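Visitor: Could you walk me through this model, one feature at a time?
Guide: Gladly; have a look at it first.

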Amino acid sequence: MTEKKQNKIIGPIILVTAAMIWGLSFVAQKSGMAYVEGFTFTTIRLILASLTLLPVIIFNRKKNPETLSVEEKKIKDKRKFKGIICVGLCLFVGLNLQQFAFNYIEAGKVGFLTALYMLLVPIFGLFLKKKPPFTVWIGVALGMCGLYLICMGGKGGDFKLGTGEMLTLLCAVAFTLHILVIDHFSDVDSIELSCGQFVVAAVLSLILMLIFEKPDIGGLKSAAITIIYAGVFSSAIAFTFQIIGQKKTDPTLASMLLCLESVFSVLFSFLLPPHEKLDVPEYIGCGIMFIAILIAQIPPKKRA
């Protein structure tokens, strides 16, 4: 089997694995909130993620030492520092908004509403003078229908954009900016940018944790497994899988496979304790939103 054929198989498998890890993370994050508060969970999670990636960075630097002049290194480091701060700020906002949303709504619902960033990225691209294809607008229209059904639920059929939904929608906006900022700093080493963003977000979360929360050792012990999963697997490992998988897979297919995280979030929240169930309209809304996200990823036909 040629390397190209291997990549066609290995790439999608790695990306689906990343999506599964992220889907299960929604359940882990919600479970952890029963024992620790939001900023505490995010802080410990990001510290673990940073420590997990640090050995990888050291190994890469030893394996591929830089041969730059002092001036070139200075320019590169300045660019890297700026990227880490900007990306870290977006991650800090997105993760904490998402974490607190678990206090109000089901894990599966958080997963699907967070996935709205797949629709928002091309829309926000308008401000960067990037005209989205027509398929994106179809996806947006369907996505709004799905959002309505998810927020309507089955309790009397009233549209309710509650605290949890609002926090998650703002989280989706933060992750949209996160993706656009990462794209802007695409010249910076991916692993170092990832580790750096974890450090920045962890420091900011730590400050708010010390101001607003009182971490309890007993609570941290009870939430240890969920925090370790979110930090090591969901943050460090899944992000690395995403990088590797995207390099081996067509960008459009990669985006669609990563969208599966929203499907896995609903599946795992149903299968695992406390076995959360959505109302029928909410499940229909999730299905419509998933279709909307897939349609938005379809590339337009190139003109002859």
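**Helices and cores**

Guide: Helix α5 (residues 117-124) is largely enclosed by the rest of the structure, because seven of its eight residues are buried. Buried means under 20% relative accessible area, exposed over 50%, and partly exposed in between (1.4 Å probe, protein chains only). Helices here are DSSP runs of H or I with at least four residues, numbered from the N terminus. Please keep in mind that this is a predicted model, where local features need pLDDT of at least 70 and side-chain atom pairs count only at pLDDT 80 or more, while totals for chains, interfaces and linings use all residues. Residues are numbered from 1 along each chain as its sequence is written, and side-chain values use heavy atoms, with hydrogens and water left out.

Visitor: Which residues of α5 are buried?
Guide: They are Y117, M118, L119, L120, V121, P122 and I123.

Visitor: Is F59 buried or exposed?
Guide: F59, in helix α2 (residues 38-63), counts as exposed because its relative accessibility is 52%.

Visitor: How do I read the packing of α4 with α7?
Guide: Axes are lines fitted to C-alpha atoms, for helices over the stretch in contact, and angles run from 0 to 180 degrees between N-to-C directions. Helix α4 (residues 107-114) packs on helix α7 (residues 163-184) at about 35°, with the axes 8 Å apart. Contact means heavy atoms within 4.5 Å. K109, V110, L113 and T114 of α4 make the contact with E165, T168, L169, C171, A172 and F175 of α7.

Visitor: How is α4 oriented relative to α12?
Guide: The axes of α4 and helix α12 (residues 260-271) come within 8 Å and cross at roughly 175°. That angle is why α4 is roughly antiparallel to α12, a label for angles over 145 degrees. Here A107, G108, G111 and F112 of α4 meet S262, V263, S265, V266 and S269 of α12.

Visitor: Which residues touch the most other members of the largest nonpolar core?
Guide: A nonpolar core is a set of buried Ala, Val, Leu, Ile, Met, Phe, Trp, Tyr and Cys residues joined through side-chain atoms within 4.5 Å. The largest has 47 residues, and L46, L91, F112, L113, M289 and I293 touch the most other members. Another core, of 10 residues, lies apart from it and includes L15, A18, W22 and A254.

Visitor: What does L113 contact, leaving aside neighbours within four places in sequence?
Guide: L113 is in contact with I105, L147, I150, E165, T168, L169, A172 and M289.

Technical notes:
Helices (H or I, at least four residues) and strands (E, at least two) are DSSP runs, numbered from the N terminus. Angles under 35 degrees count as roughly parallel, over 145 as roughly antiparallel, 65 to 115 as roughly perpendicular and the rest as oblique.
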